[in-house]
Amino acid sequence: MHWFPKTVGGKKQSQAEIFVLSSTDGKFHLVSKIGRIEKSVDAHKGAVLAGRWNHDGTALVTAGEDGLIKIWSKVGMLRSTLANQGSPVYSVAWGPDSDRILYTSEMQLTIKPLQPSAKVMQWKAHDGIVLKVDWNSVNSLILSGGEDCKYKVWDSFGRLLHSSSPHDYPVTSLSWAPDGEMFAVGSFNTLRLCDKTGWSYAVEKPHTGSLFSLAWSADSTQLAGACGNGHVIFAHVVEQCWEWKNFVITLTKRRSMQVTNVMNDAVDILEFRDPVIKASLAFAHLVVATSLQCYVYSSRNWNTPLIFDLKEGTVSLILQAEKHFLLVDGAGLYIFSYEGRLLSSPKFLDMRADILNAQVLSLCDDTIAIRDNRDEKVILFFDVSSGKAVGDGNPLTHKLEVVEIALDQCGPATDRKIALIDKNRDLYLASVRHFGREPKICKTGTMVDNIAWNDSANILCGIQDNKLTVWCYPSVVFTDKELLPKTLHIRDSSDFNSVPHILNFFGTKVTLRQGDGSLVYSSVPPYTVLLHEYCSSARWEDALCLCRLVKDQSLWACLASMAMANRELTTAEMAYGAIGELPRVEYIKTIKEQPSKESALAHMLLFSGQAQEAESALLQAGLIYQAIRVNIDLFNWERALELAVKHKTHVDTVLAYREKFLQKSGKKETNKRFLHYSEGVDVDWENIRAKIDMELSKEREKAANVSVRSSGASYR
């Protein structure tokens with residue numbers, strides 16, 4: 001039995017008052033809510049073992065004892081026979097986008113796309129016959145349970161994420177909560193509530209025989225089960241817990257929460273008119289969504305919440321930033337201030353708010369990032385205050401499907417960064433606002449499972465190869481990528497008994513949930529947060545004093561990169577010297593000796609590996625020789641000659657340095673273009689040096705005049 005979907009994209013369906021009922025005589029029936037059979041269809045030989053509507057109600061899939069899997073229209077017309085297994089198919093589920101079917105085949109699971117030519121994925125899932133499967137549209141995770149008395153969690157690529165220990169009896173039912181945060185498992189006289197990662201919250205032992213079917217309410221707070229003794233049991237999710245700094249909040253009843261301040265053992269009781277559906281605690285605020293209202297509490301005062309009514313629709317997700325929070329329901333997403341004012345409601349083409357989750361949606365004080373449900377390689381950015389696309393409106397496109405995104409929480413909007421994990425579990429960092437340029441996406445780590453940004457500094461932590469890794473200054477990949485390993489803080493995996501999941505990263509404390517459900521706390525050195533504070537407020541002397549006091553190589557490496565990013569060359573020179581990077585110290589001295597600010601800026605871009613940007617900056621400033629010289633130093637001979645010919649200057653300089661280079665390497669000129677120009681140009685090193693000296697003196701004179709004019713303007 002499966003009800004027709006009530007809503008699609010937040011809109012009610014006109015046909016939502018019917019359900020499909022499969023029977024042992026090979027038929028399925030479309031039945032109205034008052035029990036009248038609207039239509040009966042002969043579908044299979046033998047019993048119809050499963051019947052499921054897709055997520056928008058446009059199609060129905062049935063599976064039977066005859067091993068056939070068939071697709072039907074919503075009025076019961078046969079569209080196609082998708083598969084013929086030759087053995088009974090006990091359970092079937094639609095993929096998140098209704099374009100694939102997951103079904104059981106004895107001990108195996110099979111994912112078959114609806115497109116005829118698409119590749120079929122099949123793998124051995126259990127050591128006994130697989131009895132039940134479910135596929136969640138929000139987190140894209142697969143559940144399976146079988147006669148081997150185990151339940152397992154898989155990703156959509158067939159990778160095993162969790163396998164339970166064997167239970168006493170076969171798993172006869174399982175079901176995802178609609179929001180994808182929990183699932184329920186049923187067997188003989190047993191009902192188990194589990195987290196999406198697989199560990200068990202609670203086990204109940206009702207004396208009802210086997211639980212053959214489980215169904216959740218739309219708000220993921222209630223559960224119904226069909227039992228072998230003919231009874232229907234109901235359950236409510238309670239005892240959920242939220243933590244932030246010194247506060248612990250527990251959902252004690254469906255309409256009641258208890259707030260405990262662990263510093264002084266003070267207890268407050270929060271009462272609500274309607275059952276609590278979702279809650280979030282962060283940034284000194286508690287946001288609670290009930291079925292009809294939203295409550296906003298400040299941690300300074302638990303007695304007088306701000307209350308406002310919600311639009312029709314069940315809240316499925318709450319995200320918080322320092323200045324505002326975001327609510328997601330089936331109809332859309334909405335950003336509110338903590339004073340209850342609606343700031344914006346971003347929308348994009350074919351947006352499906354019903355499948356958004358915390359892994360593909362991220363919020364900070366000025367930006368919202370959303371992975372596009374039409375193309376999982378694309379990330380869209382929206383302005384918080386207006387709801388419009390950020391910058392020029394162009395999204396960020398990665399080369400592979402993105403599985404998790406996270407915006408940093410601190411600093412100005414112009415310097416906003418996003419961290420993303422792709423399906424290969426590689427971690428990348430990119431700038432949000434790229435203003436027409438091709439966005440630079442830098443690889444930061446491999447084998448990364450999940451990530452979280454710090455709430456008070458742009459420090460990133462993640463589970464990398466089963467170890468807790470802290471990127472003390474992730475933006476180092478944009479200024480000096482070779483320095484990245486020196487800025488890492490890694491905690492050994494022996495501290496964890498299984499792959500943990502990061503819950504939050506507040507202050508210097510990282511909270512992790514292990515595979516068995518236990519909480520583990522890890523701390524990062526407080527000096528890193530303090531260094532970020534000093535550098536963001538341009539307190540470079542204080543930053544140097546801190547590094548000298550702590551005498552930690554990773555701290556010096558962070559300071560060196562931060563100083564270069566802020567063009568604070570003296571501090572950068574001292575920091576690089578402290579970690580023994582003498583070639584970089586020498587290059588910084590070269591930058592300081594440049595005849596003009598434009599040349600110094602170009603060499604700083606070169607220092608960061610941005611050769612093209614350095615050349616563009618020099619050409620824009622009219623420093624043709626410097627642009628040519630940059631390409632000569634990088635051995636980009638063709639580009640150097642191209643610039644010299646185009647601007648009709650320093651052709652002999654390029655030819656002279658090229659000739660010197662070939663002599664040192666013991667080679668002869670073979671490039672036709674260089675041979676052509678060398679026939680008509682005489683190379684005279686005295687003239688070349690004189691010309692270079694003249695260029696540099698002109699540049700110094702121009703820079704001095706600009707400095708004098710700006711000083712005069714300031715005086716006036």
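These legends accompany close-up views of a predicted model.

**View 1. A salt bridge between D449 and R425.**
Here D449 pairs with R425, and their closest N and O atoms are 4.0 Å apart. D449 sits in strand β46 (residues 448-453), while R425 belongs to the loop between β43 (417-422) and β44 (427-431), so the contact ties together parts that are 24 residues apart in sequence. D449 is partly exposed, with a relative accessible area of 21%. R425 has 18% relative accessibility and counts as buried, because buried means under 20%.

**View 2. A salt bridge between E482 and R584.**
In this close-up, the closest N and O atoms of E482 and R584 are 2.9 Å apart. The pair links distant parts of the chain, 102 residues apart. E482 is found in the loop between α1 (476-479) and β49 (488-491), and R584 in helix α6 (residues 582-592). Look at the two partners in turn: E482 is exposed, with a relative accessible area of 63%, whereas R584 is buried at 16% relative accessibility.

**View 3. A salt bridge between E669 and R658.**
E669 meets R658 with the closest N and O atoms 2.9 Å apart. R658 lies in helix α11, and E669 in the loop between α11 (651-665) and α12 (672-680), so to speak of their spacing, they are 11 residues apart. E669 counts as partly exposed at 21% relative accessibility, and R658 as buried at 13%.

**View 4. A network of salt bridges around E482 and R584.**
Stay a moment with the pair from View 2. Salt bridges that share partners join D480, E482, K486, E581 and R584 into one network. For the model as a whole, the count comes to 31 salt bridges.

**View 5. An open sheet of four strands.**
The strands follow the order β38-β39-β40-β41, with antiparallel pairing. At the edges stand β38 (361-363) and β41 (396-397). Each of these has a single partner strand, so one side of each is left without a neighbour in the sheet.

**View 6. The pairing of β39 with β40.**
Moving into the sheet, strand β39 (residues 367-371) pairs with strand β40 (residues 378-383) in the antiparallel sense, over five bridges.

Definitions and conventions
Residues numbered from 1 in each chain as written. Predicted model: local features only at pLDDT ≥ 70, side-chain atom pairs only at ≥ 80, totals over all residues. Heavy atoms only, no water. Salt bridge = Lys/Arg side-chain N within 4 Å of Asp/Glu carboxyl O. Buried < 20%, exposed > 50% of the residue type's maximum accessible area, 1.4 Å probe, protein only. Pairing = 2+ DSSP bridges.
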